[in-house]
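The following paragraphs consider a predicted model. Please examine the contact between its chains before reading on.

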Amino acid sequence: MENDKETAKDKQMEEWAGRLGMEYKRPEPPKWNPVREESAESDTPVTPEMPQSQQTPPPVNTNPPFRQPEANLNKREPMPPTYLLWAVLATICCCMPAGVVAIVFASSVSSRWFAGDIEGARKASRNAEIWIIVSIVLGIVWSAVYLPISLLLQ
Amino acid sequence: MGISARWRAVIAVVVLGTAGLLYYLYDPARSQLAPKCSFKLLTGWDCPGCGAQRMVHSLLHLDFASAWQANPFLLCMMPVLILLGFSALWRNRYPRMYATFNSPIAIAAVGVAIVLWTVLRNIF
(Lines give C-alpha, C1' and ligand atoms only; values in the text may rest on other atoms or scores of the structure.)
Protein backbone atom coordinates (compact mmCIF):
# COMPACT_ATOMS: atom_id res chain seq x y z
CA MET A 1 0.00 0.00 0.00
CA GLU A 2 2.74 2.42 1.06
CA ASN A 3 4.72 1.55 -2.01
CA ASP A 4 1.75 2.14 -4.33
CA LYS A 5 1.17 5.55 -2.78
CA GLU A 6 4.81 6.45 -3.20
CA THR A 7 4.90 5.50 -6.86
CA ALA A 8 1.64 7.36 -7.52
CA LYS A 9 3.14 10.48 -5.96
CA ASP A 10 6.33 10.02 -7.94
CA LYS A 11 4.34 9.64 -11.14
CA GLN A 12 2.45 12.84 -10.41
CA MET A 13 5.68 14.66 -9.69
CA GLU A 14 7.19 13.29 -12.88
CA GLU A 15 4.20 14.63 -14.79
CA TRP A 16 4.65 18.08 -13.32
CA ALA A 17 8.37 18.00 -13.97
CA GLY A 18 7.57 17.02 -17.54
CA ARG A 19 5.33 20.05 -17.96
CA LEU A 20 8.27 22.21 -16.89
CA GLY A 21 10.51 20.29 -19.28
CA MET A 22 12.58 18.88 -16.44
CA GLU A 23 13.75 15.50 -15.28
CA TYR A 24 12.20 14.71 -11.90
CA LYS A 25 14.79 13.86 -9.27
CA ARG A 26 13.40 11.13 -7.04
CA PRO A 27 14.03 11.66 -3.32
CA GLU A 28 16.04 8.44 -3.07
CA PRO A 29 17.49 7.60 -6.48
CA PRO A 30 18.46 3.98 -7.15
CA LYS A 31 22.02 3.45 -6.04
CA TRP A 32 24.37 2.73 -8.88
CA ASN A 33 27.42 0.82 -7.79
CA PRO A 34 30.37 1.41 -10.12
CA VAL A 35 32.59 -1.09 -8.27
CA ARG A 36 30.29 -3.95 -9.18
CA GLU A 37 30.28 -3.11 -12.87
CA GLU A 38 34.08 -2.81 -12.96
CA SER A 39 34.60 -6.21 -11.31
CA ALA A 40 32.15 -7.79 -13.72
CA GLU A 41 34.08 -6.38 -16.65
CA SER A 42 37.55 -7.28 -15.36
CA ASP A 43 36.57 -10.82 -14.41
CA THR A 44 35.95 -12.09 -17.92
CA PRO A 45 39.22 -11.23 -19.73
CA VAL A 46 41.62 -12.27 -16.92
CA THR A 47 40.41 -15.87 -16.67
CA PRO A 48 39.68 -17.03 -20.21
CA GLU A 49 41.03 -20.59 -19.74
CA MET A 50 38.76 -21.40 -16.83
CA PRO A 51 35.85 -23.66 -17.65
CA GLN A 52 32.50 -21.98 -18.02
CA SER A 53 30.89 -24.04 -15.26
CA GLN A 54 33.34 -22.88 -12.56
CA GLN A 55 33.17 -19.24 -13.50
CA THR A 56 30.96 -17.21 -11.21
CA PRO A 57 28.07 -15.65 -13.07
CA PRO A 58 28.28 -11.88 -13.34
CA PRO A 59 26.31 -10.19 -10.56
CA VAL A 60 22.78 -9.44 -11.61
CA ASN A 61 21.88 -5.82 -11.14
CA THR A 62 18.51 -5.89 -9.43
CA ASN A 63 18.25 -2.10 -9.32
CA PRO A 64 16.46 -0.23 -12.07
CA PRO A 65 18.81 0.94 -14.83
CA PHE A 66 20.70 4.12 -14.05
CA ARG A 67 19.41 7.05 -16.04
CA GLN A 68 21.96 9.37 -17.57
CA PRO A 69 20.90 12.96 -16.88
CA GLU A 70 23.01 14.29 -19.76
CA ALA A 71 21.05 12.30 -22.31
CA ASN A 72 17.80 13.90 -21.17
CA LEU A 73 19.27 17.38 -21.06
CA ASN A 74 20.13 17.12 -24.72
CA LYS A 75 16.63 16.06 -25.63
CA ARG A 76 14.74 18.91 -23.99
CA GLU A 77 15.43 21.99 -21.96
CA PRO A 78 13.65 23.07 -18.78
CA MET A 79 11.37 26.08 -18.55
CA PRO A 80 13.47 29.25 -18.44
CA PRO A 81 13.56 30.85 -14.97
CA THR A 82 10.88 33.46 -14.27
CA TYR A 83 12.99 35.24 -11.60
CA LEU A 84 9.72 36.04 -9.82
CA LEU A 85 11.27 36.35 -6.35
CA TRP A 86 13.91 38.76 -7.62
CA ALA A 87 11.33 40.70 -9.60
CA VAL A 88 9.15 41.17 -6.50
CA LEU A 89 12.15 42.13 -4.35
CA ALA A 90 13.38 44.59 -7.00
CA THR A 91 9.91 46.13 -7.27
CA ILE A 92 9.53 46.55 -3.53
CA CYS A 93 13.07 47.50 -2.54
CA CYS A 94 14.76 49.13 -5.50
CA CYS A 95 12.78 50.79 -8.24
CA MET A 96 9.08 50.25 -8.70
CA PRO A 97 8.51 51.08 -12.40
CA ALA A 98 11.34 48.85 -13.67
CA GLY A 99 10.33 46.10 -11.23
CA VAL A 100 6.74 46.07 -12.48
CA VAL A 101 8.04 45.61 -16.04
CA ALA A 102 10.11 42.66 -14.76
CA ILE A 103 7.00 41.09 -13.16
CA VAL A 104 5.08 41.45 -16.43
CA PHE A 105 7.90 39.68 -18.28
CA ALA A 106 8.06 36.99 -15.58
CA SER A 107 4.38 36.25 -16.08
CA SER A 108 4.94 36.15 -19.83
CA VAL A 109 7.67 33.50 -19.39
CA SER A 110 5.33 30.87 -17.98
CA SER A 111 2.30 31.77 -20.09
CA ARG A 112 4.38 31.43 -23.26
CA TRP A 113 6.05 28.27 -22.00
CA PHE A 114 2.74 26.53 -21.25
CA ALA A 115 1.40 27.71 -24.61
CA GLY A 116 4.34 25.94 -26.26
CA ASP A 117 6.27 29.04 -27.33
CA ILE A 118 9.74 28.03 -26.10
CA GLU A 119 11.62 30.77 -27.95
CA GLY A 120 9.26 33.45 -26.64
CA ALA A 121 9.57 32.14 -23.10
CA ARG A 122 13.36 32.29 -23.35
CA LYS A 123 13.23 35.87 -24.62
CA ALA A 124 10.80 36.90 -21.87
CA SER A 125 13.06 35.31 -19.25
CA ARG A 126 16.03 37.27 -20.60
CA ASN A 127 13.99 40.49 -20.57
CA ALA A 128 12.84 39.87 -16.99
CA GLU A 129 16.48 39.39 -15.97
CA ILE A 130 17.51 42.63 -17.72
CA TRP A 131 14.76 44.66 -16.06
CA ILE A 132 15.57 43.24 -12.63
CA ILE A 133 19.20 44.27 -13.12
CA VAL A 134 18.08 47.73 -14.33
CA SER A 135 15.90 48.10 -11.25
CA ILE A 136 18.64 47.04 -8.82
CA VAL A 137 21.25 49.26 -10.50
CA LEU A 138 18.88 52.26 -10.39
CA GLY A 139 18.26 51.59 -6.69
CA ILE A 140 21.99 51.39 -5.92
CA VAL A 141 22.82 54.48 -8.02
CA TRP A 142 20.06 56.40 -6.24
CA SER A 143 21.41 55.42 -2.82
CA ALA A 144 24.95 56.36 -3.86
CA VAL A 145 23.77 59.77 -5.09
CA TYR A 146 21.41 60.44 -2.21
CA LEU A 147 23.66 59.48 0.71
CA PRO A 148 26.27 62.29 0.31
CA ILE A 149 23.52 64.86 -0.35
CA SER A 150 21.63 63.86 2.78
CA LEU A 151 24.81 64.08 4.84
CA LEU A 152 25.53 67.58 3.46
CA LEU A 153 21.99 68.77 4.16
CA GLN A 154 22.02 67.42 7.69
CA MET B 1 27.95 30.99 -12.89
CA GLY B 2 31.47 29.87 -12.01
CA ILE B 3 30.76 29.94 -8.29
CA SER B 4 30.03 26.64 -6.61
CA ALA B 5 26.83 26.12 -4.64
CA ARG B 6 28.70 26.03 -1.34
CA TRP B 7 30.39 29.40 -1.92
CA ARG B 8 27.10 30.90 -3.02
CA ALA B 9 25.54 29.74 0.25
CA VAL B 10 28.47 31.18 2.25
CA ILE B 11 28.19 34.55 0.45
CA ALA B 12 24.41 34.63 0.96
CA VAL B 13 24.74 33.88 4.69
CA VAL B 14 27.48 36.54 5.17
CA VAL B 15 25.55 39.25 3.28
CA LEU B 16 22.24 38.46 5.01
CA GLY B 17 23.94 38.25 8.42
CA THR B 18 25.69 41.63 8.00
CA ALA B 19 22.52 43.31 6.77
CA GLY B 20 20.52 41.74 9.61
CA LEU B 21 23.04 42.90 12.22
CA LEU B 22 23.07 46.46 10.82
CA TYR B 23 19.28 46.64 10.76
CA TYR B 24 19.12 45.20 14.28
CA LEU B 25 21.58 47.75 15.70
CA TYR B 26 20.46 50.90 13.84
CA ASP B 27 16.90 52.17 13.65
CA PRO B 28 16.39 53.26 10.00
CA ALA B 29 13.72 55.74 11.12
CA ARG B 30 16.35 57.73 13.03
CA SER B 31 19.58 56.99 11.15
CA GLN B 32 20.67 59.48 8.48
CA LEU B 33 22.57 56.78 6.62
CA ALA B 34 19.56 54.60 5.81
CA PRO B 35 18.80 55.01 2.08
CA LYS B 36 15.58 56.89 1.35
CA CYS B 37 13.04 55.89 -1.26
CA SER B 38 13.59 57.64 -4.59
CA PHE B 39 9.98 57.20 -5.65
CA LYS B 40 8.71 58.95 -2.52
CA LEU B 41 11.18 61.83 -2.83
CA LEU B 42 10.41 62.38 -6.52
CA THR B 43 6.63 62.00 -6.45
CA GLY B 44 5.68 62.41 -2.81
CA TRP B 45 3.76 59.12 -2.90
CA ASP B 46 4.58 55.98 -0.94
CA CYS B 47 6.02 53.19 -3.05
CA PRO B 48 4.93 49.57 -2.31
CA GLY B 49 8.11 48.98 -0.31
CA CYS B 50 8.17 52.17 1.74
CA GLY B 51 8.57 51.15 5.36
CA ALA B 52 10.46 47.97 4.49
CA GLN B 53 13.58 48.98 6.44
CA ARG B 54 11.56 49.98 9.51
CA MET B 55 9.65 46.71 9.19
CA VAL B 56 12.85 44.64 9.12
CA HIS B 57 14.15 46.56 12.15
CA SER B 58 10.92 45.91 14.08
CA LEU B 59 10.81 42.26 13.00
CA LEU B 60 14.37 41.69 14.23
CA HIS B 61 13.28 43.12 17.58
CA LEU B 62 10.20 40.84 17.43
CA ASP B 63 7.97 43.90 17.57
CA PHE B 64 5.20 42.70 15.25
CA ALA B 65 2.84 45.59 16.01
CA SER B 66 5.20 48.26 14.71
CA ALA B 67 6.24 45.97 11.83
CA TRP B 68 2.57 45.88 10.82
CA GLN B 69 2.41 49.66 11.10
CA ALA B 70 5.50 50.14 8.92
CA ASN B 71 4.36 48.00 5.98
CA PRO B 72 1.48 45.55 6.46
CA PHE B 73 1.56 44.33 2.85
CA LEU B 74 5.22 43.34 2.97
CA LEU B 75 4.65 41.62 6.31
CA CYS B 76 1.88 39.53 4.69
CA MET B 77 4.13 38.85 1.69
CA MET B 78 7.03 37.54 3.78
CA PRO B 79 5.80 33.90 3.84
CA VAL B 80 5.04 34.09 0.11
CA LEU B 81 8.53 35.40 -0.62
CA ILE B 82 10.10 32.65 1.49
CA LEU B 83 8.03 30.00 -0.33
CA LEU B 84 9.01 31.52 -3.68
CA GLY B 85 12.69 31.28 -2.83
CA PHE B 86 12.21 27.74 -1.54
CA SER B 87 10.39 26.63 -4.69
CA ALA B 88 13.08 28.13 -6.92
CA LEU B 89 15.87 26.46 -4.93
CA TRP B 90 14.15 23.04 -4.80
CA ARG B 91 12.73 23.17 -8.29
CA ASN B 92 13.84 19.62 -9.12
CA ARG B 93 12.48 18.18 -5.90
CA TYR B 94 9.09 19.89 -5.91
CA PRO B 95 8.24 20.62 -9.55
CA ARG B 96 4.54 20.97 -8.81
CA MET B 97 5.10 23.75 -6.29
CA TYR B 98 7.37 25.55 -8.77
CA ALA B 99 4.79 25.23 -11.53
CA THR B 100 2.05 26.55 -9.23
CA PHE B 101 4.01 29.54 -7.99
CA ASN B 102 5.25 30.42 -11.46
CA SER B 103 1.98 29.93 -13.30
CA PRO B 104 0.83 33.03 -15.24
CA ILE B 105 -2.14 33.45 -12.89
CA ALA B 106 0.00 33.40 -9.72
CA ILE B 107 2.50 35.89 -11.14
CA ALA B 108 -0.28 38.18 -12.39
CA ALA B 109 -1.93 37.98 -8.94
CA VAL B 110 1.30 39.08 -7.26
CA GLY B 111 1.73 41.95 -9.73
CA VAL B 112 -1.87 43.12 -9.35
CA ALA B 113 -1.60 42.88 -5.54
CA ILE B 114 1.49 45.10 -5.53
CA VAL B 115 -0.09 47.72 -7.81
CA LEU B 116 -3.37 47.65 -5.83
CA TRP B 117 -1.48 48.04 -2.55
CA THR B 118 0.44 51.02 -3.95
CA VAL B 119 -2.76 52.75 -5.08
CA LEU B 120 -4.68 51.97 -1.88
CA ARG B 121 -1.95 53.08 0.52
CA ASN B 122 -1.75 56.43 -1.25
CA ILE B 123 -5.52 56.97 -1.26
CA PHE B 124 -6.13 56.16 2.39
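How many residue pairs in polar contact does the rule find across the interface of chain A and chain B? The rule finds two such pairs, both at pLDDT 80 or more; a polar contact is a pair of N or O atoms within 3.5 Å, where within protein one must be able to donate a hydrogen and the other to accept it, and residues adjacent in sequence count only if both atoms are side-chain atoms. Salt bridges across this interface number zero, the criterion being a side-chain nitrogen of Lys or Arg within 4 Å of a carboxyl oxygen of Asp or Glu.

On the side of chain A that touches chain B, two or more residues each come from helix 1 (2-19), helix 4 (84-93), helix 5 and helix 6 (118-153) of chain A. Helices here are DSSP runs (H or I, at least four residues), numbered from the N terminus. Helix 5 of chain A gives the largest share of that side, seven residues.

Helix 5 of chain A covers residues 96-114. Its 19 residues reach 28 Å from first C-alpha to last, close to the 27 Å expected at 1.5 Å a residue, a span taken as 1.5 Å times one less than the number of residues. Its buried residues (under 20% relative accessible area, 1.4 Å probe, protein chains only) include M96(A), A102(A), A106(A), V109(A) and W113(A). Just after this helix, G116(A) takes a positive phi of about 95 degrees.

Residues are numbered from 1 along each chain as its sequence is written, and chains are lettered from A in the order in which they are written. In this predicted model, local features need pLDDT of at least 70, side-chain atom pairs count only at pLDDT 80 or more, and totals for chains, interfaces and linings use all residues; side-chain values use heavy atoms, with hydrogens and water left out.

Definitions and conventions: Buried means under 20% relative accessible area, exposed over 50%, partly exposed in between (1.4 Å probe, protein chains only).
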